[in-house]
Amino acid sequence: MGKLLPVIFVILGLAIGGGAGFFLRPAPPPPEETASAEGDGAAEGEHAAEDGEAAEGEEGVPTSEFVKLNNQFVVPLLDATRVRAMVILSLSVEMPVGGTERVYAVEPRLRDSFLQVLFDHANNGGFEGVYTSTDRMTELRRALLETARTVMGKDVKSILVSDILRQDS
């Protein structure tokens with residue numbers, strides 16, 4: 001009997017789990033309504049015509065892609081004689097579909113320009129105090145976007161700051 005009890009518990013557990021899964025499964029999706037219903041098809045067609053661009057986006061066709069730059073950016077925050085903190089950022093560039101290779105082709109020049117913007121931002125006190133405030137981050141993104149457009153042209157849609165960290169010493 002001692003060897004049979006664990007087997008009974010396993011079978012009982014499987015049966016209870018299977019029954020619970022059967023009764024708690026999600027409801028099947030409702031059948032899609034066809035446009036054959038009188039009046040509804042015309043109204044939906046008019047609505048779709050009004051939303052031309054939104055309907056295109058709903059199909060899931062991407063219009064842009066995000067290109068993550070390979071390495072993080074490290075910005076020292078300096079006192080008169082020493083480094084008192086470090087800011088580390090990860091940046092991505094939003095480009096039209098197919099622009100990834102263009103970003104990687106000019107990445108060294110883009111990184112150099114971004115570092116200059118980040119150093120200027122640090123020297124102007126942009127990473128002091130509440131450095132993640134909306135105003136300061138908007139100012140930083142705007143400056144990075146202008147620089148990216150100078151290097152790559154008007155195809156750059158935006159700059160995304162995916163990670164930001166400040167480490168005080």
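Mentor: Let us begin with the surface: the chain exposes about 11,800 Å², and carbon and sulfur atoms supply 58% of that area. Accessible areas come from the Shrake-Rupley method with a 1.4 Å probe, and for residues only the protein chains shown count as cover. This is a predicted model, in which local features need pLDDT of at least 70 and side-chain atom pairs count only at pLDDT 80 or more, while totals for chains, interfaces and linings use all residues. Residues are numbered from 1 along each chain as its sequence is written, and side-chain values use heavy atoms, with hydrogens and water left out.

Trainee: How do you know where the confidence is lowest and where it is highest in the chain?

Mentor: The guide is pLDDT, the predictor's confidence in each residue, from 0 to 100. The chain averages 81, and 83% of the residues score at least 70. Helix H3 (residues 52-58) has the lowest confidence, with a mean of 37, and H5 has the highest, at 94. Over residues 34-57 the pLDDT stays under 50, and for this stretch the model has 2 contacts beyond four places in sequence; contact means heavy atoms within 4.5 Å.

Trainee: Why is Glu94 called buried?

Mentor: Buried means under 20% relative accessible area, exposed means over 50%, and partly exposed lies in between (1.4 Å probe, protein chains only). Glu94 has a relative accessible area of 15%, so Glu94 is buried. Its place is in strand E3, and its contacts beyond four places in sequence include Ser64, Phe66, Asp155 and Leu160. Glu94 and Asp155 are 61 residues apart in sequence, yet their C-alpha atoms are 8.8 Å apart in space. For the chain as a whole, 27% of the 169 residues count as buried.

Trainee: Is Arg136 buried, exposed or partly exposed, and what makes it so?

Mentor: Arg136 has a relative accessible area of 27% and is therefore partly exposed. Arg136 is placed in helix H6 (residues 134-152). Beyond four places in sequence, Arg136 touches several residues, including His121, Gly125 and Tyr131.

Trainee: Why is the pair of Phe127 and Tyr131 called edge-to-face?

Mentor: A pair of aromatic rings is described by the distance of the centres and the angle of the planes. Rings of Phe, Tyr and Trp (its six-membered ring) pair if their centres lie within 6.5 Å; planes under 30 degrees apart count as stacked, over 60 as edge-to-face and the rest as tilted. The structure holds 2 aromatic pairs. In the pair of Phe127 and Tyr131, the centres are 6.5 Å apart and the planes make 70 degrees, so the pair is edge-to-face. Phe127 is buried because its relative accessibility is 0%, and Tyr131 is buried at 17%.

Trainee: How do you know that Arg111 lies over the face of Phe73?

Mentor: A charge sits over a ring if NZ of Lys or CZ of Arg is within 6 Å of the ring centre and within 35 degrees of the ring normal. Arg111 lies over the face of Phe73 at 4.2 Å from the ring centre.

Trainee: What makes up the largest nonpolar core?

Mentor: A nonpolar core is a set of buried Ala, Val, Leu, Ile, Met, Phe, Trp, Tyr and Cys residues joined through side-chain atoms within 4.5 Å. The largest has 30 residues, and those touching the most other members include Leu89, Phe114 and Phe127. H6 supplies the largest share, 7 residues. Leu89 is in contact with Phe73, Phe127 and Val161, among others.

Methods: Helices (H or I, at least four residues) and strands (E, at least two) are DSSP runs, numbered from the N terminus.
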